[in-house]
Amino acid sequence: MSNVNVKRLVDNIRSGTNVYTPLVELVVNAIHAIDEKGAVNGLVQIEVLRNGQADIIDRLEDVDGFVVKDNGIGFTKVNRDSFDTLYTEQKIADGGKGFGRFTCLKYFDRVKVSSTFQDGRGFQDRSFRMGLDKDIIVDEKVADSNATDTGSVIEVSHIRSVKFPDKRLETISRVVVERLLPYFVDKDRACPSVVIREAKDASGTLSLNDYLGKDSSQIVEMKVENGTFLLKANEEERAFQVRVFKFYSPRSAKSKVSLVAHRREVTDNPLQSHIPEFGEEFYEPGPGGDLSKGRNFVIKAYVFGDYLNDNVSLERGEFRFQTDADLLSGISQNAIEQKAAEIAQSAVGSEIAERKSRKEARIAEYVSSDAPWHRTLANEVDFSALPMRPSNQDIELHLQKKKYEKEVITRTQVAAVLKSDNPGELSEKITQLMESISETSKNDLIHYVSMRKCVLDLFSRSLEIDADGKHKSEGDVHDIIMRRKKDSEDLDYDAHNLWILDERLNFSSYVSSDKPLNKSNGDRTDITVYNRRVAFRGENESSNPITIFEFKKPQRDNFADPSSKEDPVQQIVRYVNQIREGKFKTPTGRDILVNDTTPFYGYVVCDLTAKVRKWLHSEKEFTPMPDGLGWFRWFGNNNLYMEVISWTKLLRDAEMRNKIFFSKLGIS
């Protein structure tokens, strides 16, 4: 009689098991029983128990349990006592932990055993249940038997709170085959026949052995040139063997790498975690290269080795080594899987190479078309970890990460050079660092100039008419140059595109766009967005210039009418006078410092229609520029220089100033 707190033991099982684990344990135990008997016609039969209401689609009830039958040696006195012993060592030679049967109680309420064995008195029948209290074996009965052969029938039923995930026999059988494939392909120990059927209906029996070894097999082993590798743990090299298989008709399955202990799959992880090009299934043409008769397949690499056998957990759900490598834990799971993935890659090398080539072309296209500033960096970066079909965001984030890592290294090296006391090394290190800094700066410059190209393209489009023959909404042009109702207290210094107007404006310290400079209802035009001004100056010194802009909507010229109250020339003059009179402060309360010699620049941007040209010449006394796209005038009493330029000139001049950068940096 045993004395074990079975319930607490079962409740503490948490390590990597799932609802398939009991079925796998039962099948393995059945195979071991057949091996122990030495039967040449070994047979394992799996029957599926169902309960509940049939599904409308599959017309199948939920799985409630399994009955596993075998013609093995049966529950002899030795086997019975081993079953009744926690952590029995009886099957230790086969990697037995003496614990697997308890996983049945984790997922099923009832475990029932019926067995026929042979002793000196002939055949005997033994039956019992697994207990849920202090005894492992309960309700045991032993009697003489009329049977003519040995074997066992084990039933696990009344599934607990966990729902069995699959219903179809084909799906269940495939999962069992994957988990126990090492048994089916063991060249040294023949696997008995394993079949599965419905418990209520013996028709439709499926053979799990038929998944392998025939022309129509769903699982085929692939040849690899070198399926072994070595890894070092605590100065000792450990050997591993990899066998690679094709799994046809994968449906939603993924290519995986499985670590095996004592001929049982313990873990399986996606191969794409190590080589992204395994992310999609493969395709094999039919006979004679007929694509219409081909089959899809995925790859599964099984890894064997004593290191895995020695380190598998009690429940066989995980290993007693770290997932990632560290200095203390020896060989890691990731290291093993990475090596296995490389061997699996060799089995489908041409397809993987083609997928990598497509990924490289995709990355090159992105860098060339959308991110030319990354050209130099892209030649140095390893993209192997990116997904098989990377998005623009995937590529950009990867490049930004590598760029940051490179900058951190450069900063660290610069700091080390600055602290160095060895002048002999200084010159060489500085040269190397300057090359690194130069490359980083060049990438940033290409990025900056490329963004300018995008802004100018957008600006050009905003000046075009739409499908209705009208110009864009009044906010478009203004907001491209600088967002309305903002100033430099609200925006970062580079969050504007005033360089379109004048490159010098990039270096000014205060900007106000469509905001009054004295109070919330202060002087500002309030008609259309093109009528809003932008005032700009450098450092707040009286000797530094103040620049004022007025935008007029393309093709609008009614401001040149004699009755107009929106004369942009007079608006700028009035605004200059108000600033000179000290009426304005910045929103933070700073005085705008001016004196009699403070220079002012005024710009009106509009379309130079015939009406506007006549108005500038006859009424405003402006002088035309040589290119005919602008007019200028000096207002001596106000120390104000003013230009009236066309939108065409503004765009053309900005493009011309940047054209050399576009050309030199290869930005089309």
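Predicted model: local features only at pLDDT ≥ 70, side-chain atom pairs only at ≥ 80, totals over all residues.

Helix α2, residues 21-37, packs against α5 at an angle of about 50°, and their axes lie 11 Å apart; here axes are lines fitted to C-alpha atoms, for helices over the stretch in contact, and angles run from 0 to 180 degrees between N-to-C directions. That angle makes α2 oblique to α5, given that under 35 degrees counts as roughly parallel, over 145 as roughly antiparallel, 65 to 115 as roughly perpendicular and the rest as oblique. Helices (H or I, at least four residues) and strands (E, at least two) are DSSP runs, numbered from the N terminus.

Residues are numbered from 1 along each chain as its sequence is written, and side-chain values use heavy atoms, with hydrogens and water left out.

Which residues make the contact between α2 and α5? On α2 they are Thr 21, Leu 23, Val 24, Val 27, Val 28, Ile 31 and His 32, and on α5 they are Ile 172, Val 176, Arg 179, Leu 180 and Tyr 183, where contact means heavy atoms within 4.5 Å.

Now to the charged pairs. A salt bridge is taken as a side-chain nitrogen of Lys or Arg within 4 Å of a carboxyl oxygen of Asp or Glu, and by this rule the count comes to 38. One of them pairs Lys 167 with Asp 62, with the closest N and O atoms 3.3 Å apart. Lys 167 sits in the loop between β6 (151-159) and α5 (169-184) and Asp 62 in strand β2 (residues 62-70), so this pair ties together parts that are 105 residues apart in sequence. Lys 167 counts as buried at 16% relative accessibility, whereas Asp 62, at 26%, counts as partly exposed; buried means under 20% relative accessible area, exposed over 50%, and partly exposed in between, with a 1.4 Å probe and protein chains only.

Another salt bridge joins Asp 567 to Lys 620, where the closest N and O atoms are 2.4 Å apart. Because Asp 567 lies in the loop between β19 (546-551) and α13 (568-580) and Lys 620 in the loop between α14 (610-618) and β21 (623-624), the pair links parts 53 residues apart in sequence. Are Asp 567 and Lys 620 buried or exposed? Both are buried.
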